[in-house]
Amino acid sequence: SNPSLLILPGDGIGQEVMAEVRKIIDWFGENRDLKFDVSEDLVGGAAYDAHGTPLTDATMAKAQEVDAVLLGAVGGPKYDDLDFAVKPERGLLRLRKEMDLFSNLRPAQCFDALADFSSLKKDLVAGLDIMIVRELTSGSYFGEPRGIFTEDNQRVGINTQRYTESEIDRVARSAFELARRRNNKVCSMEKANVMESGILWRDVVTEVHQADYADVELSHMYADAGAMQLVRAPKQFDVILTDNLFGDLLSDTAAMLTGSLGMLPSASLGAPMENGRPKAMYEPVHGSAPDIMGQDKANPSACILSFAMALRYSFDEGDAATLLETAVEQVLAKGIRTGDLMQADGGTPVGCKAMGDAIIA
Ligand code: NAI
Ligand code: MG
């Protein structure tokens, strides 16, 4: 049977960009005999409108069964005043949590045609291709104790940076495996100089490396120094491995090296399933963009490149992934661009649908 894919377009431009991915999935079926069993369902505000919850149990169960989930975006002003428990982003968080997607892959890749969009000088970023592996399910955003407490007659806000050995071990393995498919190089970032969790992080990464991945080149850097290096000389890096909190900051920083939010894909991977494929969800980094929704203005590239990551990491179709990435690059090089990629004097932008069509062509 064909590999299975659950598509969750979500809200706002999520629906528009996903429609372009559907066209590309159809193209692969018709032209490369690469077929998927695709099912589509609701998440976020769309699910709340239909069912009163941002993710039904039935959709959650389906997500657990399929080979990969592809998600558009969730949220929008319409839902801003809902209770926390039914807010659109709760649907996304539930997927990440119950699928236990601990390894978040955020590529920062600079297409030559877009080097002018970088926050840095063109020659620093032209050809840049790095991958940040961020631990996604533990660390300061989840550690207990957490809360706002009263102590000595004043309030104190507490979060706890907590990592177990096994949590570090599994995300380190995912970074080393990835490095073997790329350029065999990992730089691990923490603050072992001032944090206990950083000391453990460095120890466990080193142990995993020595035990099973000695063929991969490993270096360590303090995360603050890493942030400096990332904007000083980003091309020195290939795979960067880091925790949840530092990874949040470093991946957003790296993103701006490459230009527009409309270009950035991501993958979140979990443990291998029975068929050997990792639990996986792929999604663009951007949100539902209420300011441009329904106007055929969204750049579908981020979602299309997320599907390319699915082809590579879930379906072992690296050639198909490269074909798709090359198509995006060639369209950009021809000057065919959505509005988010136009310079002030840049001519006439194309719409979301036309961008999808150009990529297929
Ligand atoms: P956003 O990413 O939706 O938009 C930020 C800016 O970038 C906007 O000006 C938007 O027009 C532009 N933009 C984003 N993606 C684009 C694309 N593909 N093509 C062209 N332009 C694009 O972030 P914002 O405005 O902070 O949040 C809007 C809603 O999305 C909120 O409800 C927020 O909670 C939600 N959100 C959802 C995320 C997700 O589903 N993973 C992530 C971030 C925000
Ligand atoms: Mg962030």
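Begin by selecting Asp100, which is partly exposed, with 14 other C-beta atoms within 10 Å. The model on display is a predicted one. Asp100 sits in the loop between helix 4 and strand 4, and its phi is positive, about 55°, although the residue is not a glycine.

Next, select Asp296, a second residue other than glycine with a positive phi, here near 55°. Asp296 belongs to the loop between strand 12 (278-284) and helix 10. This residue is partly exposed, with 15 other C-beta atoms within 10 Å.

**The two domains**

Colour the chain by its domain assignment, which gives domain 1 (1-104 + 264-361) and domain 2 (129-256). Their C-alpha centres are 26 Å apart. Where the two domains touch, domain 1 contributes eleven residues and domain 2 contributes ten residues. On the domain 1 side, helix 4 (88-98), strand 4 (103-109) and strand 11 (265-272) each provide at least two residues of the contact. That side of domain 1 comprises five nonpolar, three polar and three charged residues.

**The largest nonpolar core**

Now select Val69, Leu70, Val133, Ala175 and Ile240. Of the 101 residues in the largest nonpolar core, these touch the most other members. Helix 10 (residues 301-313) gives the largest share of this core, ten residues. Because domain 1 (1-104 + 264-361) and domain 2 (129-256) both give residues to the core, it lies between them. In soluble globular proteins, nonpolar side chains tend to be buried together.

Centre the view on Ala175. Residues up to four places away in sequence aside, Ala175 touches Val133, Val186, Val239 and Leu241.

**Helix 8 and its covering**

Move to helix 8 (residues 223-232) and select Ala223, Gly226 and Leu230, which are buried. Look down the axis of helix 8: its buried residues fall within an arc of 45°, so they line one face of the helix. An α-helix has 3.6 residues a turn, so residues three or four places apart point the same way. Turn to the face of helix 8 directed away from its buried side, where the exposed residues Met228 and Arg232 are found. Then display strand 8 (185-190), strand 9 (217-222), strand 10 (239-242) and helix 9, which are among the elements covering the buried residues of helix 8.

**Leu250 in helix 9**

Which residues does Leu250 contact, leaving aside its neighbours within four places in sequence? They are Ile132, Met189, Ala223, Gly226, Ala227, Leu230, Ile240 and Thr242. Leu250 itself is placed in helix 9 (residues 244-256). Is Leu250 buried or exposed? Leu250 has 22 other C-beta atoms within 10 Å and is therefore buried. For a sense of distance, draw a line from the C-alpha atom of Leu250 to that of Val86: the two are separated by 30 Å and lie 164 residues apart along the chain.

**A cis peptide bond**

Select Glu144 and Pro145 and inspect the peptide bond from the former to the latter, which is cis, with omega near 0°. Pro145 is part of strand 6 (residues 143-151).

**Around ligand 1**

Finish at ligand 1. Which of the 22 residues around ligand 1 come nearest? Select Gly75, Gly262, His286, Gly287 and Asn299 to see them. By class, the shell around ligand 1 consists of ten nonpolar, eight polar and four charged residues.

Terms used
Residues numbered from 1 in each chain as written. Chains lettered and ligands numbered in written order. Predicted model: local features only at pLDDT ≥ 70, side-chain atom pairs only at ≥ 80, totals over all residues. Core = buried A, V, L, I, M, F, W, Y, C linked by C-beta atoms within 7 Å. Buried ≥ 20, exposed ≤ 12 C-beta atoms within 10 Å, placed from the backbone. Helix = DSSP H or I, 4+ residues; strand = E, 2+ residues; numbered from the N terminus. Domains from an automatic or database assignment. Contact = placed C-beta atoms within 7 Å. Arc of directions from axis to C-beta. Near = placed C-beta within 6 Å. Nonpolar A, V, L, I, M, F, W, Y, C, P; charged D, E, K, R; others polar.
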